[in-house]
Amino acid sequence: MKIASFNINGIKARIMALTDWLSAAEADVVVLQEIKSIDEAFPRAHFEDLGWNVETHGQKGFNGVAILSKLPIEDVMRGLPGDESDEQARYIEATVVGDKAVRIAGLYLPNGNPVPGPKYDYKLAWMERLRIRSAELLASEMPVVMLGDYNVIPETRDAATPKKWEDDALFLPQSRAAMRAIQWQGWSDAIRLRDPWSTRGPFTFWDFQGGAWSKDDGIRIDHMLLSPQAADLLVETGVDREARAAEKPSDHVPVWLRLAA
DNA sequence: ATGGTCGGTGCCCGA
């Protein structure tokens, strides 16, 4: 089972780039972030005609997440538990059934800038809610893949120019500590497993501004965390870096993994 | 040296 995550930065603008990537990547399950669309406006039929089951959790203008799956989707949960008043569409969870059932959590963690301020407070509060949910997912003892745009640069080696990010919500010590508090519950960082001693990257995001792509001035903020039961099934992982050079690219590239499931 | 990029929306905000 091939599982991928792609922050597409607008489904309307990216429908062709996404469709092209989907046909080349041959994934079974794809979580999307920043669809920037309400559920009713998502081009559901376009993807259903290509053989995808589609579950969305959208809102007007910003944010929005979705799951596309060639496999049956069960037990969909929309929204991150822990705050009934939170109206931002950033979390979707579902079970996909291949040879084995795998619980998929697709997330778009808040950016948090500027710091300090209410947006950073919201980011940290959201991460605390995610920490509570991720503990519940581990306790299920299912194979779980929790993946998406975490908006956290975990380590210095995850940024080409770390100095630039020193005061940024993506790299502040508190953000990184909150990320570690989740990971150290017992999750495996799938991308890092491929090349554990890498001193640079791999990157998953290059800003549209300042020619970041041409300078390879990237960061690693899209992550795939595996429960022990999922890590036991891991056979391959990758970052589709070349997608950043496509026509009308997103600022993120897809990340993916393959499970023996 | 300076200002620089997108997408979605609606004449600006979020990233």
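A backbone N or O atom of F208 lies 3.2 Å from a sugar or linking oxygen of DNA strand B, a polar contact in the sense of a pair of N or O atoms within 3.5 Å. This is a predicted model, in which local features need pLDDT of at least 70 and side-chain atom pairs count only at pLDDT 80 or more, while totals for chains, interfaces and linings use all residues. Residues are numbered from 1 along each chain as its sequence is written, chains are lettered from A and ligands numbered from 1 in the order in which they are written, and side-chain values use heavy atoms, with hydrogens and water left out.

Two further polar contacts involve phosphate oxygens of DNA strand B: one of them is 3.4 Å from a polar backbone atom of A13, and one is 3.3 Å from an N or O atom in the side chain of K119. F208 and K119 also belong, with G10, R14 and N111, to the residues that come nearest among the 16 around DNA strand B; a residue is near the strand if one of its heavy atoms lies within 4 Å of it. Of the DNA strand B atoms that come within 4 Å of the protein, 84% are from sugar and phosphate. Helix α1 (residues 11-25) gives the largest share of this surface, 4 residues; helices (H or I, at least four residues) and strands (E, at least two) are DSSP runs, numbered from the N terminus. By residue class, the surface has 5 nonpolar, 5 polar and 6 charged members.

An α-helix has 3.6 residues a turn, so residues three or four places apart point the same way.

S134 is in helix α3 and counts as buried because its relative accessibility is 0%. Leaving out residues up to four places away in sequence, S134 touches M146, I182, Q185 and W187.

Key
A polar contact is a pair of N or O atoms within 3.5 Å; within protein, one must be able to donate a hydrogen and the other to accept it, and residues adjacent in sequence count only if both atoms are side-chain atoms. Ala, Val, Leu, Ile, Met, Phe, Trp, Tyr, Cys and Pro count as nonpolar, Asp, Glu, Lys and Arg as charged, and the others, Gly among them, as polar. Buried means under 20% relative accessible area, exposed over 50%, partly exposed in between (1.4 Å probe, protein chains only). Contact means heavy atoms within 4.5 Å.
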